[in-house]
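Please walk through this protein with the model in view. The paragraphs below take up its surface, its helices and its charged contacts in turn.

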Amino acid sequence: MNLPEGLPAWAYIVVSALVLAAQIVTAIWINHRGDERDRATRGEITNNHALPLRDDLDDKNRRTLDAIESLRGTVDGLRDDMNGEFATVNRRITTTEQNLIELRHEVNDLRRGGNHNHQ
């Protein structure tokens with residue numbers, strides 16, 4: 001590193017430290033202003049509601065997810081109910097088919113003049 005002519009090394013170190021300190025202070029100040037702006041924006045946007053917009057959207061999101069979960073439970077319950085109903089209908093159809101087969105056998109027996117019981 002070449003120092004400017006006539007500048008002592010300690011002066012170069014001091015100037016470099018001041019430049020570095022100024023850069024650090026500027027970065028911190030810019031970051032603080034951004035945080036401050038974010039806080040101000042969050043509190044100012046209300047979207048004609050009592051709550052700030054972000055809080056309002058978070059609340060709506062939570063309620064929507066709760067509603068979806070509730071619907072999922074209702075659909076699962078309906079599915080179980082329908083499966084039970086289908087089983088009942090299938091049993092009734094099977095019983096009706098068996099009764100129809102027995103009735104046909106009895107009609108055929110009557111046509112032949114016999115009187116036999118079939119199962």
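Is R62 buried, partly exposed or exposed? R62 counts as partly exposed, because its relative accessibility is 45%, and the class of partly exposed residues lies between under 20% for buried and over 50% for exposed. This and every other value here comes from a predicted model.

The secondary structure consists of 2 helices and 0 strands. The protein has 119 residues, and 5% of them count as buried. Its accessible surface is about 10600 Å², with 57% of that area belonging to carbon and sulfur atoms.

Helix α1 covers residues 9-44, and W10 is located in it. W10 counts as exposed because its relative accessibility is 60%, and the cut-off for exposed is over 50%. Together with V14 and L18, W10 makes a nonpolar surface patch of about 350 Å².

Helix α2 runs over residues 53-112, which gives it 60 residues. How far does α2 reach from its first C-alpha to its last? The distance is 86 Å, close to the 88 Å expected at 1.5 Å a residue. Just after α2 comes G113, which takes a positive phi of about 90°.

The charged side chains come next. The whole structure holds 6 salt bridges. One of them joins R62, the residue of the opening question, to D59, with an N to O distance of 2.6 Å. The two are 3 residues apart in helix α2, so about one helical turn separates them. D59 also counts as partly exposed, because its relative accessibility is 23%.

A second pair in α2 is R79 and D76. Their side chains meet in a salt bridge at 3.0 Å, N to O. R79 and D76 are 3 residues apart in helix α2, and therefore about one helical turn lies between them. The relative accessible area of R79 is 45%, so R79 is partly exposed. For D76 the relative accessibility is 34%, so D76 counts as partly exposed.

What is the spacing of D109 and R112 along helix α2? Both lie in that helix, 3 residues apart, or about one turn. Why does D109 count as buried? Its relative accessible area is 4%, and buried means under 20%. R112, by contrast, counts as exposed because its relative accessibility is 66%. Salt bridges can also share partners: D59, R62, R63 and D66 are joined in this way into one network.

The side chain of R72 makes a polar contact with the side chain of E69, at 3.0 Å. R72 has 46% relative accessibility and therefore counts as partly exposed.

Methods: Residues numbered from 1 in each chain as written. Predicted model: local features only at pLDDT ≥ 70, side-chain atom pairs only at ≥ 80, totals over all residues. Heavy atoms only, no water. Helix = DSSP H or I, 4+ residues; strand = E, 2+ residues; numbered from the N terminus. Buried < 20%, exposed > 50% of the residue type's maximum accessible area, 1.4 Å probe, protein only. Areas by Shrake-Rupley, 256 points an atom, 1.4 Å probe, with all protein chains shown as cover. Expected span 1.5 Å × (residues − 1). Patch = residues over 30% accessible without salt bridge, like charges linked within 9 Å, V, L, I, M, F, W, Y side chains within 5 Å. Salt bridge = Lys/Arg side-chain N within 4 Å of Asp/Glu carboxyl O. Polar contact = N/O pair within 3.5 Å; in protein donor to acceptor, adjacent residues only side chain to side chain.
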